[in-house]
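Please look over this chain. The report below takes its surface, its fold and its overall form in turn.

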Amino acid sequence: MTTSPERQAIAERQLCGLVNGLAQRIAEHVRERAATLGLTASQATALREMSGPMTMRDLAERMSCEPSNTTFVVDKLEKQGLVERHPHPTDRRAKHLVLTAEGTALRARLLELLAVDSPLSGLDPQEQRVLHGLLEQAITSR
C-alpha cells in the first residue's frame, strides 16, 4: 500500500515538528545547565564534545558548526584556562586541543548536570538506542 503525497507531506511535517521540538528542548537544556556554570551554550557544547585531544576541525564537526565559529569558542575557553592548544603529534599544520585540569573538572560537572532531567531521560536506554538508530537511518538513507 502506497501513501498519498498529501499524507506523506503531513507525516513529514509532523515528524519535522517533533524533531525540531526535541532539538529545541535539548538546546534549552544545554543553555540552562551551561548558565549555572558561567558558560555559554556553545562553550558547554565544546566541552561536552571534548572527550579527548582533538583538532579544531574535529571539534567543529562534533559541534556541527563552522571551524571559524569553533575557533571563537575555543579562544574563549582558552582565556578561561579550560583548554590549551598543543602541537599536533603528526601534523605540524594542526593544533591539538587539550582540556586543562580545570577544564576536565568542569566538563565532568557539566556532564553530570546535563544528565539531570535531560529531554531524553523519559526514554530508557533501549528506547534511546532505537531512536538513535531510526534518526541515523533517516539521515543516511537515500
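## Surface and burial

Of the 142 residues, 27% are buried (under 20% relative accessible area, 1.4 Å probe, protein chains only).

This is a predicted model: local features need pLDDT of at least 70, side-chain atom pairs count only at pLDDT 80 or more, and totals for chains, interfaces and linings use all residues. Residues are numbered from 1 along each chain as its sequence is written, and side-chain values use heavy atoms, with hydrogens and water left out.

## Helices and strands

The chain has six helices and three strands. These are DSSP runs, numbered from the N terminus: helices are H or I with at least four residues, strands are E with at least two. From the N terminus, the order is α-α-β-α-α-β-β-α-α.

## The sheet

The three strands form an open, antiparallel sheet in the order S1-S3-S2. Strands S1 (54-55) and S2 (83-87) stand at the edges with a single partner strand each, so one side of each has no neighbour in the sheet. Two strands pair if DSSP finds at least two bridges between them. Five bridges join S2 to S3 (residues 95-99). Glu 84 stands opposite Val 98 in S3.

## Overall form

The C-alpha trace spans about 60 × 35 × 25 Å along its principal axes.

Terms used
Buried means under 20% relative accessible area, exposed over 50%, partly exposed in between (1.4 Å probe, protein chains only).
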